[in-house]
Amino acid sequence: MDAFLGAVLDDYKACEITKQQAVSGLAHVIAATDIGNYGEAITWFRQGRKFVRGTLPE
């Protein structure tokens, strides 16, 4: 989890992603955890940087 959060913040700081992409990615993980979808959350912790950079709308 720490690596994912750090990566998203680093990408935003380096202007690799927009603020909206960062917020959307973090919100997605929080929502998955909140509803008990731990499999989804784990997938995002492992691969979420790719998702945030490539699949979420700006």
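## Buried side of α1

In this predicted model, the buried residues of helix α1 are F4, A7, V8 and D11; buried means under 20% relative accessible area with a 1.4 Å probe, counting protein chains only, while exposed means over 50% and partly exposed lies in between.

Helices are DSSP runs of H or I, at least four residues, numbered from the N terminus.

D2, L9 and K13 are exposed and lie on the face of α1 turned away from its buried side. After α1 comes C15, with a positive phi near 60 degrees.

## Packing against α2

The axes of α1 (residues 2–13) and α2 (residues 19–34) come within 9 Å and cross at roughly 170 degrees. That makes the two helices roughly antiparallel, a label for angles over 145 degrees. Axes are lines fitted to C-alpha atoms over the stretch in contact, with angles from 0 to 180 degrees between N-to-C directions.

On the α1 side, F4, L5, V8 and Y12 make the contact; on the α2 side, K19, A22, G25, L26 and V29 do. Contact means heavy atoms within 4.5 Å.

## Basis

Residues are numbered from 1 along each chain as its sequence is written, and side-chain values use heavy atoms, without hydrogens and water. Local features need pLDDT of at least 70 and side-chain atom pairs count only at pLDDT 80 or more, whereas totals for chains, interfaces and linings use all residues.

Notes: Parallel < 35°, antiparallel > 145°, perpendicular 65-115°, else oblique.
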